[in-house]
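Here is a set of questions and answers on one model. Each answer works towards a single value or name.

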Amino acid sequence: MSRPLSPGSLVLIGVNHKTAPIEVRERIAISREDLLEATRALAALPGVTECMIVSTCNRVELLATVDSPETDVTAFLQNHFGLDPALLAPHIYLHRDQQAVRHLFRVAASLDSMVVGEPQILGQVKDAFATARAAGTVSGQLEHLLQSAFAAAKRVRTETAIGSNSVSIASVAVELARKIFGSLNGRTVFLVGAGKMSELAARHLVQQGAGAILVTNRTQERARQLAEPFNGRVIPFEQLYEAATEADIVISSTGAPHPIFRREHGHAFMHRRRNRPMFFIDIAVPRDVDPAMNSLEGIFVYDIDDLQAVAASHMAERSAQAGDAETLIAAEVDRFRQRQRTVNVAPAIVTLQRQAEEIRQSELRRIQARLGPLSADQLAAVEALTRGLVNKFLHPPMQALKQAARENDSARLEALCDTWSLPASAEAEAQTSPTPAETNQETSAPEKPARVNETSAVGGK
């Protein structure tokens, strides 16, 4: 008997802070401005039916439904950025179907973040989903999946203590600034770019006594909006380097494709400042500050990996809360799987209902001549009677189909469909564990140590 194609298989590939250093991640980072175009380019890949892209400072992940096992989503990153496959291959992880669902749920709940429990990632996944919607690249399957992921993340935030006493990048920046300068009273902070994390870091620094706030951005209006809450001074972007000389702490997050602060700028800053120290907090991916600046006496550079490694070192006390959250996510993944199985059997149920309705209508037409003219009330009574009988007869087989789907009993489901001459939706989730070719490098790869030691970077170079 001919069977219709099952819903598209789910594929998730990515690179994150566990599998790749920032030197690799910045090569494939997709800016907010380019995300819509990149999402549409992924959707144009043959075999991709739905897709979205999550690109943050910690990860770039492609989530797609595909209708062919030959669809090579992995090649998209290599081709889109013109990279040698050998560069990315050691760092890419691949998940399919239920493993992809579990990974997405963990990402949205901040269980896969370097700083477990940080709140920004959920908003970033929602932004990626909104971009995919705007691009027209998501419909029923990913819509259902993402809404379930958001609901699971909300449960984790509200039913566990995973987000309490948050150790954030902003708080780490304050801690390191104190080690460099001692007191923060009167220190000048320069915000380069208008990222949310930059704003949070500046807010923490001001709360700890920092003085003047300077703000620059390529968009003058955005710089003005960011400066206003701090009574800050807006600097034209063309005066970036002159203004940087005034700053003790520079927080940079521009989204520029190449470093905007290089070693020669560092030499000039130290000369104009008479060797007074400067602290660069580089939150951008790709990086805004050339790592070579860190070798200059008096200049201290921390990129996003350095900051997050320090933050993660303070997170041991969250292990119990993380365990509770993992248990909750496992239950949510199972709930999603059961709901999805019921959704997958929907074509068979619709066909069963249609067949029964066709029989009902045929019998009404056959008997109409024998009944003679009927009043409106009599017609309504006949309609109600026959519909009620059909619904009662349909209830047992419909419940049996749903039960077989929930229990993933494919043999029983096929037997039921054969009995009633119905289409059966083949479940694509038989592979609940990755094959050897899909080994999850994400979990097996060793943690990358902080490239700048917290004490040695501050105490001396």
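Two strands pair if DSSP finds at least two bridges between them. The model discussed here is predicted.

Q: What is the strand order of the open sheet of 6 strands?
A: Pairing in this sheet is parallel. Strand 7 (233-234) and strand 10 (299-303) are the edge strands, each pairing on one side only. The order is 7-6-5-8-9-10.

Q: Which residue is the bridge partner of Leu191 in strand 8?
A: Strand 5 covers residues 189-192, and strand 8 covers residues 249-252. The two pair in the parallel sense over 4 bridges. In strand 8, the partner of Leu191 is Ile251.

Q: What is the strand order of the open sheet of 4 strands?
A: Here the pairing is antiparallel. The edge strands are strand 2 and strand 4 (93-96), and each pairs on one side only. From one strand to the next, the twist averages 15 degrees. The order is 2-3-1-4.

Q: Which residue in strand 4 stands opposite Ile13?
A: Strand 1 (residues 9-16) and strand 4 run antiparallel. They are joined by 4 bridges. Opposite Ile13 stands Leu94.

Q: How much space lies in the largest pocket?
A: Rolling a probe the size of a water molecule over the atoms shows where empty space is left. The lining of the largest pocket has 42 residues. Nearest its centre lie Ser31, Arg32, Gly195, Ser253 and Gly255. The space in this pocket is about 1300 Å³.

Q: Which helix gives the largest share of the lining of the largest pocket?
A: Several elements give two or more residues to this lining, among them helix 1 (22-28), helix 2 (32-43), strand 2 (48-55) and helix 3 (74-81). Helix 6 (120-135) and helix 9 (196-207) also belong to that group. The largest share is 6 residues, and it comes from helix 6.

Q: Is helix 6 roughly parallel or roughly antiparallel to helix 7?
A: Two packed helices are described by the angle between their axes and the distance between the axes. Helix 6 and helix 7 (residues 140-159) pack at about 165 degrees, with axes 11 Å apart. Angles over 145 count as roughly antiparallel, so helix 6 and helix 7 are roughly antiparallel.

Q: Is the crossing of helix 6 and helix 7 left-handed or right-handed?
A: The angle at which these two helices pack is about 165 degrees. Helix 6 passes helix 7 in a crossing that is left-handed.

Q: Is the crossing of helix 2 and helix 6 left-handed or right-handed?
A: Helix 2 packs on helix 6 at an angle of about 50 degrees, their axes 9 Å apart. That angle makes helix 2 oblique to helix 6. The crossing of helix 2 and helix 6 is right-handed.

Q: How far apart are the axes of helix 5 and helix 7?
A: The packing angle of helix 5 and helix 7 is about 45 degrees, and the two are therefore oblique to each other. Their crossing is right-handed. The axes lie 8 Å apart.

Q: Where does Pro286 lie?
A: A cis peptide bond joins Val285 and Pro286. Its omega is about 5 degrees. Pro286 lies in the loop between strand 9 (278-282) and strand 10.

Q: How much space lies in the second largest cavity?
A: The structure holds 2 cavities of 30 Å³ or more. Residues that line the second largest cavity include Val15, Arg25, Cys57, Arg59 and Val285. The lining divides into 5 nonpolar, 2 polar and 2 charged residues. The space in this cavity is about 30 Å³.

Technical notes:
Residues are numbered from 1 along each chain as its sequence is written. This is a predicted model: local features need pLDDT of at least 70, side-chain atom pairs count only at pLDDT 80 or more; totals for chains, interfaces and linings use all residues. Side-chain values use heavy atoms; hydrogens and water are left out. On a 1 Å grid over the protein atoms alone, a cavity is a set of points where a 1.4 Å probe fits but cannot get out, and a pocket is an open set with protein on both sides within 12 Å along at least five of seven lines; lining residues have an atom within 4 Å of a point. Grid points are joined across faces, edges and corners, and a volume is the space filled by probe spheres set on the points. Axes are lines fitted to C-alpha atoms, for helices over the stretch in contact, and angles run from 0 to 180 degrees between N-to-C directions. Angles under 35 degrees count as roughly parallel, over 145 as roughly antiparallel, 65 to 115 as roughly perpendicular and the rest as oblique. A crossing is left-handed if the near helix is turned anticlockwise from the far one by less than a right angle, and right-handed if clockwise. Ala, Val, Leu, Ile, Met, Phe, Trp, Tyr, Cys and Pro count as nonpolar, Asp, Glu, Lys and Arg as charged, and the others, Gly among them, as polar.
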